[in-house]
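Let's take a look at how two protein chains can meet. Have the structure open beside you as you read.

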2 protein chains.
Amino acid sequence: MRFSLEATMEFSKPIDFLKLDFPKLIARINSELFRKGVPQEQEGSRIVHWNIIGTKLILTIEGSTYLRPHDALLRLRKFLAQKFGREYNIGVRSIFVKNYEIRFKPKRMPKEKVEVKVPWVKEIVQKDKELLVKLQDLDSTALEDRYVERILKRIEEKINQKLYGGKAEHWELIWKSRKRKVVWDKDPTPEMERRGWIKRFNVGVWLHMPITTKIMRTFQKIAEREILRPLKFEEVMLPKTVPLEVWLQTGHVPGSSNSFFYVCRPEKWDPEFWEDFADWVKVTRKIPYDLLTEKLAEPNAGICFAQCPPLYWYFKKKLIPEKELPLKFWDASGVSYRWEGGGLHGIERDCEFHRIEIVWIGTKEQVIDIKEKLLERFKRIFDKILELEWRMARVTPWYMAQAGQLGLEEEKEIGTIDFEAWLPWRGPREKSEWLEFQNLTVAGTKFSDAWNFKTEKGKEIWTGCSGIGLERWLAVFLAQKGLEPKKWPKKFVKILGKLPKEIKLI
Amino acid sequence: MRFSLEATMEFSKPIDFLKLDFPKLIARINSELFRKGVPQEQEGSRIVHWNIIGTKLILTIEGSTYLRPHDALLRLRKFLAQKFGREYNIGVRSIFVKNYEIRFKPKRMPKEKVEVKVPWVKEIVQKDKELLVKLQDLDSTALEDRYVERILKRIEEKINQKLYGGKAEHWELIWKSRKRKVVWDKDPTPEMERRGWIKRFNVGVWLHMPITTKIMRTFQKIAEREILRPLKFEEVMLPKTVPLEVWLQTGHVPGSSNSFFYVCRPEKWDPEFWEDFADWVKVTRKIPYDLLTEKLAEPNAGICFAQCPPLYWYFKKKLIPEKELPLKFWDASGVSYRWEGGGLHGIERDCEFHRIEIVWIGTKEQVIDIKEKLLERFKRIFDKILELEWRMARVTPWYMAQAGQLGLEEEKEIGTIDFEAWLPWRGPREKSEWLEFQNLTVAGTKFSDAWNFKTEKGKEIWTGCSGIGLERWLAVFLAQKGLEPKKWPKKFVKILGKLPKEIKLI
């Protein structure tokens with residue numbers, strides 16, 4: 001990697017009077033200040049050109065990864081601020097990098113143009129087997145907050161993303177159930193609409209009347225009876241809107257930014273502030289959306305998406321005594337929302353859904369042990385109670401896929417298992433796309449790192465989570481078993497009891 | 001009421017050539033067309049001045065409530081379009097009211113200036129004992145969609161609002177419980193925070209760990225056991241974001257517009273559309289809110305507020321067979337949000353809350369009968385199980401207060417009952433403000449009118465609803481009974497069982 005930087009350092013007073021001393025000073029900087037920490041035989045950074053105009057010192061610095069010129073510049077600012085402050089009572093006002101060129105051979109050469117769309121990137125050029133990254137207009141915040149490093153990292157990320165394709169996921173079958181006899185091969189959604197069991201309220205948002213509600217609540221009862229109570233998970237009620245700053249910690253921002261439902265509160269509560277809006281609506285019976293937008297604060301939160309992040313936030317900067325571990329929780333206190341880009345048609349892919357989120361926190365061994373116990377119990381439910389045709393696959397962890405960090409986990413213990421089931425109405429079991437109806441993730445220390453919590457003795461904490469999507473269970477169950485309770489598995493019907501009656505409307 | 005309107009009617013071709021015929025035509029219009037439907041002895045509308053310039057007919061029309069000049073103008077347009085169309089093949093291009101003055105004595109004279117902040121209102125002037133309303137720039141949409149009538153109605157509404165004060169509610173005590181011995185007089189919120197039972201996630205948003213979750217779920221269990229199951233209410237799952245157009249039907253828009261949490265989905269799902277946002281976040285680790293706002297669709301929905309409206313929407317334009325009635329539902333499938341303007345401190349007033357919404361639908365008699373049964377059962381819960389000190393008051397129905405239509409309901413059957421309880425930490429029972437912890441409303445035909453549903457035989461349908469706010473029950477219960485289960489009512493503890501243990505963090 002070779003770097004070439006053009007910068008201006010501005011002082012609180014003119015420094016022309018120092019012009020004659022500068023050649024010696026620059027030589028000392030190059031040979032001493034810029035050599036610190038650089039291996040003897042390696043190149044660091046060097047000032048190759050300089051000029052003084054009034055209060056400004058104009059510099060060109062070239063360098064290598066052993067001392068990157070922007071780090072050299074920060075080091076120089078500190079040095080000159082001390083030296084000139086002491087000797088002449090002159091301070092450093094600002095530093096500014098007008099141009100910064102970085103050349104390097106990436107691990108893999110991109111096949112198409114790579115762009116990083118931020119104001120500090122002027123251009124990224126492919127030349128022979130090198131990339132030339134032209135940066136511009138970096139101020140001290142940009143330099144100190146490591147924008148340069150992150151731009152380079154982002155470029156590598158994008159090259160990888162493009163090589164492997166945006167959606168390519170690792171997928172590895174790890175288990176499959178026996179085949180089940182098909183009861184019907186119809187799509188349950190239109191039939192349920194016809195019967196008034198459900199009604200489409202909005203894109204991907206369904207109103208569930210008593211029949212489907214009872215079926216889903218029976219799934220919940222099964223989960224409580226077979227999993228949550230015997231394994232001693234405790235119910236919690238997690239907030240159902242999440243500040244974007246929290247998702248910045250988990251990588252959901254920006255990873256899933258295109259899938260959130262964003263939330264804005266009113267700019268002011270004061271009814272007078274809203275009076276023109278109220279007048280407009282009362283007079284026209286129409287909603288003036290432009291005026292409304294002006295009355296709202298910026299969108300700084302989203303509706304529940306991954307469900308578990310607020311729980312990790314609870315432990316922020318805490319030490320958890322070893323004897324409290326493992327901690328086991330579940331939450332089913334509200335809906336989650338996920339924008340899928342429209343074009344949804346049935347209950348198998350919803351924008352609004354009801355999920356039981358299961359979270360466990362402990363040492364590595366505890367977390368893996370609980371995962372195994374959960375897998376056993378899920379198997380029992382799907383095989384013995386719901387009698388589904390389903391399978392499990394190891395996939396790229398959702399948080400890695402969403403955060404754009406593709407790549408295979410080295411450790412087998414960390415990762416996500418998808419539970420998938422056959423939807424006969426989509427076609428033959430061998431050819432059609434199966435539905436992911438549940439997943440289970442061991443996230444390692446991802447979340448304890450993000451919120452900085454450890455055991456009392458300072459040991460690392462692992463977490464795991466698993467989401468039971470009630471609508472997904474419903475979509476799978478009805479697709480495989482039909483809408484007639486007399487054809488449903490006996491064990492399930494015993495727990496279900498009688499279905500509420502249909503309401504006949506005209 | 002006296003009206004004076006200046007309008008222009010534009011034709012598809014010049015009508016100068018008709019100038020000579022016009023005096024006779026105008027006389028006929030005044031004496032025939034504008035007299036239709038006006039009582040013999042009353043004044044209707046009259047064209048008092050006219051002029052023709054090219055394609056334009058310029059008019060001044062004066063009139064009374066028996067035929068308002070803007071209605072006369074619409075009538076005239078129809079008449080001339082037919083007549084000129086037939087005779088000269090000339091059509092009416094447009095009508096436009098440049099100025100429109102309306103003078104009247106309001107029922108009550110306002111004490112301060114009244115404003116209706118829409119572009120069609122130029123000024124509202126108080127003169128002697130009259131109001132002079134100056135309107136402007138009304139096009140055919142404004143005239144046909146009755147903006148004029150609604151502006152006048154809005155003025156009356158505002159006069160009433162100002163006279164009675166924005167928040168003044170009718171409040172009438174209808175029942176109170178016996179006094180209860182005070183267990184403590186502390187505010188439970190800070191103590192629960194100290195113990196880690198709850199943690200403040202955002203303004204008015206609390207994370208509930210296992211202890212308070214179990215207490216609230218026990219309240220829910222009590223509601224299910226004592227009310228919902230014995231009275232045969234069926235659980236449903238109602239959507240938890242509501243399009244603003246639905247709230248326009250119920251009057252929540254604009255009535256409660258200052259209290260919603262608004263929801264926007266992404267303008268596009270396409271990850272490329274989001275790439276510059278992702279780049280910015282990855283490089284700066286900060287969220288560029290301006291850029292984010294550009295990427296979102298307009299706010300066209302809100303998070304669940306009153307909870308029941310989507311259920312009425314389900315019955316839109318349906319006839320319900322008499323034998324299906326009464327219908328009884330409850331929903332507890334997600335959280336509700338209400339912006340209170342900040343400054344919240346404890347769990348007794350939240351932005352996010354969990355509510356069991358109970359809704360019943362039937363004939364007037366059925367709805368009132370169910371209300372009585374519910375009141376009885378609520379009484380039993382608060383008196384015998386939770387042993388609260390509480391009272392009931394008849395108040396202005398929430399939907400009327402919110403929609404700005406203050407005033408006493410004439411019928412006693414329609415209206416809202418607030419359940420209020422003493423919070424000892426707020427001060428003596430006689431002097432402190434009690435907390436509304438629940439309400440019950442009989443809404444008459446408000447919602448069946450809004451969505452136009454009736455019985456199969458065409459009879460009117462009434463609805464009732466009642467919201468059990470779990471956080472409110474919690475706030476009241478803990479304020480009166482303290483945080484130590486050994487001091488709690490025996491019947492409650494029996495249903496509760498053992499509390500989960502506190503998690504000790506360091």
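B:D279 forms a salt bridge with A:K158, with 2.9 Å between the closest N and O atoms; the term stands for a side-chain nitrogen of Lys or Arg within 4 Å of a carboxyl oxygen of Asp or Glu. Between chain B and chain A, 14 salt bridges are counted. On the side of chain B that touches chain A, helix α9 (residues 275-284) gives the most, with ten residues; helices here are DSSP runs (H or I, at least four residues), numbered from the N terminus.

This is a predicted model, in which local features need pLDDT of at least 70 and side-chain atom pairs count only at pLDDT 80 or more, while totals for chains, interfaces and linings use all residues. Residues are numbered from 1 along each chain as its sequence is written, chains are lettered from A and ligands numbered from 1 in the order in which they are written, and side-chain values use heavy atoms, leaving out hydrogens and water.

How many residues does the contact take from each chain? Here are the numbers, with contact meaning heavy atoms within 4.5 Å.

| Chain | Residues in the contact |
|---|---|
| chain B | 112 residues |
| chain A | 114 residues |

How are the two chains related? A rotation of 180° with 0.0 Å of shift along its axis superposes chain B on chain A, at an RMSD of 0.1 Å (least squares on the C-alpha atoms of residues with pLDDT of at least 70 in both copies). That is the relation of a two-fold axis. In chain B, B:G334 comes closest to the rotation axis, its C-alpha lying at 1.8 Å.

Definitions and conventions. Helices (H or I, at least four residues) and strands (E, at least two) are DSSP runs, numbered from the N terminus.
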